[in-house]
Amino acid sequence: MLITRRVKLPPGKPPSPKLLTPYSRRASFFIQPSLVLCRRTISGSTTSFPVRRTRHTFSMSASTSSQNGSGHLNRLAQAKSPYLLQHAENPVDWYEWGQEAFEKARREEKPIFLSVGYSACHWCHVLAHESFEDEVTAKIMNENYVNIKVDREERPDVDRLYMTFLQATSGGGGWPMSVWLTPDLHPFFAGTYFPPGNFRQVLLKLAEFWRNDRERCLNAGKQILDSLRDASKIARKEGVEIKFLASEVFERLQKRFDSINGGFGQAPKFPSPSQTTNFLARYAAFYSNASDASDGAQKDQAQNARDMAVYTMVKIFNGGIHDVVGGGFARYSVDERWHVPHFEKMLYDEAQLLASSLELYQLLPSTSPDKKILEDMAKDIVAYVARDLCSPEGGFYSAEDADSLPSRESTIKKEGAFYVWTAAQIEELLGEDAVMFSYHFGVEAQGNCDPTHDVQGELKGQNVLFTAHTAEETAKHFGKSIEEVERVLRANLRALREHREKSRPRPHLDDKILTCWNGLMISGLARTYEVLGHDQPTAKIALEVADGSAAFVRKYLYDEKSGELRRSYREGQGPTGQTDDYAFFIQGLLDLYEASAKEEYIVWAIRLQDKQDVLFYDPEGGGYFASAPDEHILIRMKDAQDGAEPSAVSVTLSNLQRLAHFAEDNHVTYTEKAKSIISSNGQLLSHAPHALASMVGATMSAERRYMQFIHTSTALNSPLLETIRSVFLPNRVLIHFDPNNPPRELARVNGSLRSLVEELDKDPGGVTKDNVRICENFTCGLPVEEVEGLKKRLPLGASDV
């Protein structure tokens, strides 16, 4: 059987120029451990050629689409995806994924070359400029292959299937992903980035292999898919002990924690909240309360979990991965200090970092100096997303690229050009303030980027701004008050931002609007409104743009008649929605309902969950398929592992558990489906719980039992509601009951609410005092009308109310 060791890499990780090599054993593929020389056996003869370790030395052209000078437009010019449009001027005869390409491959008996990437992917641009814009390479591709280009963000089902093949056969993966398929869409060869000369040789050798030994390719592709199909059918495992698995995940993160720089593991470093800080916040919340801890050691672990997560977030906020001038955070850092980033900004990163900063903020006591840093981090993200990633219609754009023109007169793009500064530029723009600014943000005369982290030399003499010294340290160094230092630095950053916007072209904007990522962002914004309600401007903006995103999805990405979601929108609707679109957006609606008290959101979430169950639930094997039914997706996979985003099935698990209390009349159905998610992934949970950290976190909530709060008030905010929102409770369900406008539609599926509505109808003119009912295990206590009484019922843990 084919071994399927999964190594899920976050989008954007720079792939090594690895080459997968056909190997006769079990029709599998073997990757040579040494990349110095790759030996391949094709048609009985052995062919050798060098595989270079060096990275590229190109600079991008000015246009967001490729420029080969011919003025030729291929059929991708009709595409909607920004990533596909970037390749519209390639001399390659590209097709989109679809019937036209498949029929051509079968008709002409040609193999398919499948190229998968995304618009903000730096190494995708590298491969495009080195190979896809090259006339000679394009000629080889056009003569020997049917060439298909796929945007992984629009078609995650295509990406998931062939990335699984790549990972299973090489132990790793990344983007760009290059896969060779039979006309029946079976993969028989795969890799990531190939240097240009090497890429041509691979193209020619595989074309020769196809002509001379086609049967072997066909059989190999079929056998590999059969092996992957078998591997995807994992037997259920009941009785998973979550408490033990949670400790195992915590201990692994503790071992990998970088106590100096924050984060987990070595460079390159990704924030990856779904695999790290998200879980640690839940672990801390559930085990920090002394009365709940089984022993003192577990309480210490809970505090350690919180502190590791907080330390990591503070280091990220103070690092160069944070755009201190314009806000927001880059995808990852190439070094261990979070200093030199790959500069692309992704919506899903902003969303998850926002949620994590707020959760950890709530776990800290008011005396902690890190509390303000986490609050500033949340405000920074909200401001950036609302200003730069929000469309006029309300939906959130997907990403900003890493590469841009250094100036409006430039013709060659460089990575990070929009974000970096020379010492001379800082001095010219800030005058006498430059000395203090440079001290605070680490500006050096010769640039502050380690050459070992700048292989291309594009950052030579440049400075990536980071917080080299705290405001207190800067104030002491220059003999000024902290307030004066902060005022001057704010003015300096504003001056740099104004200059940057005026003088430098912005990086390419991926203005595709994805349902799933909008759902993640809605969640973060809804939590911002709840947690930072004391900052009215930020809270108001957060709720407004969250409402706007939900309205956009309803208008442009949702079919009221069928109840189905579409995945993306750009100049029209994109492909059909996938599981993550439903899961992330339902989560966003649940969070937005709790924040806004608008009944329409919870009712919509219930309907969408019903539709997700119809489209994706597996009644035989349990759990949920990751992709929608599609005859051209040869294996309908389930994917529970977290990556750059939490796994859709883990978010679904959390949604089902919450809905069992929002729509409590259906709690049996929701609970059974939730349990099937755990049992269908029981074996993987038992063997590698760290790969399913989000699922472990969601299951901890169920194990601790959900607390249902029914807040009765005619006001959107009240002291009682503020008290509930002041504590991070992962197992909280908040229901709003306004006597002037009772939630009658939700009451149809919630017996507790029906009772309240019936009481109200019996005495419509009665006066109802603000109160909170706390229900556990579907049994409600007496109304609590005083804040002090409510505080006694809350598991305060490490935070203080």
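The model is predicted. The largest nonpolar core has 197 residues, and helix H19 gives the most to this core, with 10 residues. The count of disulfides comes to two. The second largest pocket has a volume of about 1,200 Å³.

**Nonpolar cores**

- Within the largest nonpolar core, of 197 residues, the residues with the most contacts are Trp97, Leu114, Tyr162, Trp180 and Phe279.
- The element that gives the most to this core is H19, with 10 residues.
- Another core lies apart from the largest one and has 18 residues, including Ile426, Ala475, Val488 and Leu496.

**Helix H19**

- H19 has 18 residues, and the distance from its first C-alpha to its last is 25 Å.
- That span is close to the 26 Å expected at 1.5 Å a residue.
- Because 18 of the 18 residues of H19 are buried, the helix is largely enclosed by the rest of the structure.
- Ala597 follows H19 and has a positive phi, near 70°.

**Second largest pocket**

- The volume of the second largest pocket is about 1,200 Å³, and 30 residues line the pocket.
- Nearest the centre of this pocket lie Phe317, Lys372, Asp376, Arg490 and Leu493.
- Five elements are listed as giving two or more residues to the lining: helix H10 (296-318), helix H12 (370-388), helix H14 (434-441), helix H15 (471-478) and helix H16 (482-503).
- H12 gives the most to the lining of this pocket, with nine residues.
- By class, the lining of the second largest pocket holds 11 nonpolar, 11 charged and eight polar residues.

**Disulfides and other cysteines**

- A disulfide is a covalent bond between the sulfur atoms of two cysteines.
- Cys121 and Cys124 form a disulfide in which the sulfur atoms are 2.4 Å apart; the cut-off for a disulfide is a sulfur pair within 2.5 Å.
- The torsion about the S-S bond of Cys121 and Cys124 is about 80°, so this disulfide is right-handed.
- Cys121 and Cys124 are both buried.
- Cys775 is joined to Cys780 by a disulfide with an S to S distance of 1.9 Å.
- The link of Cys775 and Cys780 is right-handed, with 95° about the S-S bond.
- Cys775 counts as buried because its relative accessibility is 2%, while Cys780, at 33% relative accessibility, counts as partly exposed.
- Cys217 counts as buried at 1% relative accessibility.
- Cys449 also counts as buried, at 13% relative accessibility; the cut-off for buried is under 20%.

**Cis peptide bonds**

- The peptide bond from Trp175 to Pro176 is cis, and its omega is near 10°.
- Pro176 lies in the loop between helix H5 (156-170) and strand E9 (177-181).
- The peptide bond from Ala267 to Pro268 is cis as well, with omega near -5°.
- Pro268 lies in the loop that runs between helix H8 (242-256) and helix H9 (277-287).

- Trp338 is not a glycine, yet its phi is positive, at about 65°.
- The loop between strand E11 (332-333) and strand E12 (341-342) holds Trp338.
- Trp338 is buried, with a relative accessible area of 1%.
- Glu571 is not a glycine either, and its phi is positive, at about 55°.
- Glu571 sits in the loop between strand E19 (568-569) and helix H19 (579-596).
- Glu571 is exposed, with a relative accessible area of 62%; the cut-off for exposed is over 50%.

How values were computed: Residues are numbered from 1 along each chain as its sequence is written. This is a predicted model: local features need pLDDT of at least 70, side-chain atom pairs count only at pLDDT 80 or more; totals for chains, interfaces and linings use all residues. Side-chain values use heavy atoms; hydrogens and water are left out. On a 1 Å grid over the protein atoms alone, a cavity is a set of points where a 1.4 Å probe fits but cannot get out, and a pocket is an open set with protein on both sides within 12 Å along at least five of seven lines; lining residues have an atom within 4 Å of a point. Grid points are joined across faces, edges and corners, and a volume is the space filled by probe spheres set on the points. Helices (H or I, at least four residues) and strands (E, at least two) are DSSP runs, numbered from the N terminus. Ala, Val, Leu, Ile, Met, Phe, Trp, Tyr, Cys and Pro count as nonpolar, Asp, Glu, Lys and Arg as charged, and the others, Gly among them, as polar. Buried means under 20% relative accessible area, exposed over 50%, partly exposed in between (1.4 Å probe, protein chains only). A nonpolar core is a set of buried Ala, Val, Leu, Ile, Met, Phe, Trp, Tyr and Cys residues joined through side-chain atoms within 4.5 Å. The expected span of a helix is 1.5 Å times one less than its number of residues.
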